[in-house]
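Visitor: Hi! Could you walk me through this one? I'm new to looking at structures.
Guide: Happy to, let's bring it up.

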Amino acid sequence: MKKGIQILAFLLALLIGIVPVFALPTSFAADGINIDLILKNTKDSIKAGQSAVFELDLKIAGANEAVNNEIGVNSVLTIQLPVAKKEYFTLETPLADLAINGVSPVYDDNAAALVYTFPNIKTGFSVRRYISIVTKNGITPNGTELTVNAKYEYNNKASSLNSNATEKVTAGVIPSIHKEIVGIIIDGQVDREALAARPGNDAIYKFDLSVAAPNKDHPGSLYLESNSDVIVKDVLDNRLTYLASGTSLDSLTAEGNGLALVHNGQELTFTFKADSLETQKTQDVNILHKEFYVKVHVSDAIAADTRIDNIAKITAV
């Protein structure tokens, strides 16, 4: 009868477009013996460069004779780390700290697996171990899922328990841009002490663009793609008129001296190229740093003490 009910439930699931998922067993109970295997993630997500820590619980209880008869000799516990993504992490926990029932695991680096072989498991123990893998900052893609599987095989590998856990890695490029007035043109001369422009003045803004290098101070960061575009867009207020720009305060031109500039009405678009990944990896503070200047004319129609917001935005991949 139970078999017929299972078949009917499966057919009904297909009819409504749902495929049932049967979870792998994480516990076993029989006369005189109980085995529990549980693997859990300690966080839902971490930043690249941080450690993903998984909690492993293994419990075996029962009479010695029952345990020996059910488990047998040479039972095997395998902790399978995400081998397809092993370029993004390294095992952090020392093997000695992972010993269970007097047995330390053997780590197969190529297979990214920890393997315990228990020659004669003893009953009546409950053990918890924390398995830590440290992710690599700068190269681990955003959204990478690290799934770890624990598998305990016993009874000459005829029986097994399984448990899975997953932690997600977040990462992204960390750009910043700072903009400030560094000079006002008065009677043809640059006054670098003036703090604000007056109606009819020409003003010079300095842009300071940077992209932080992935390091311990910036977890969750990424390197820029080699030779990719880093774009700064500056939208001028309608009461400001673009005049010139450049990489040097003393040599500004309408075309943007030393800059890749597209001038479209009130929108200024500056494009910079990222270095190769190899070059970026040699940098400790910033993987990109640029300074440049923009000169604008302030409308005569602006009333004194008027605040003008001028916002620059940066896009980097």
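Visitor: Leaving aside neighbours within four places in sequence, which residues is S75 in contact with?
Guide: Keep in mind that this is a predicted model. In it, S75 is in contact with Y116, T117, F118, I121, Y152, E153 and Y154.

Visitor: Is S75 buried or exposed?
Guide: S75 has a relative accessible area of 1%. Buried means under 20%, so S75 counts as buried.

Visitor: What does the side chain of S75 make a polar contact with?
Guide: Its partner is the side chain of Y152, at 2.9 Å.

Visitor: And which strand does S75 lie in?
Guide: S75 lies in β5, which covers residues 75-80.

Visitor: New topic: helix α2. Which of its residues are buried?
Guide: In α2, residues 64-71, the buried ones are A66, V67 and I71. They cover an arc of only 105 degrees around the axis, so they sit on the same side of α2.

Visitor: What do those buried residues pack against?
Guide: They pack against strands β2, β4, β5 and β10. That list includes β5, the strand where S75 lies.

Visitor: Which exposed residues does the face turned away from the buried side carry?
Guide: That face of α2 carries N64, E65 and N69. Just after the helix, G72 takes a positive phi of about 75 degrees.

Visitor: Zooming out, how many helices and strands does the protein chain have?
Guide: The chain has three helices and 20 strands. Of its 317 residues, 38% are buried.

Terms used: Residues are numbered from 1 along each chain as its sequence is written. This is a predicted model: local features need pLDDT of at least 70, side-chain atom pairs count only at pLDDT 80 or more; totals for chains, interfaces and linings use all residues. Side-chain values use heavy atoms; hydrogens and water are left out. Helices (H or I, at least four residues) and strands (E, at least two) are DSSP runs, numbered from the N terminus. Buried means under 20% relative accessible area, exposed over 50%, partly exposed in between (1.4 Å probe, protein chains only). A polar contact is a pair of N or O atoms within 3.5 Å; within protein, one must be able to donate a hydrogen and the other to accept it, and residues adjacent in sequence count only if both atoms are side-chain atoms. Contact means heavy atoms within 4.5 Å. The arc is that of the directions from the helix axis to the C-beta atoms.
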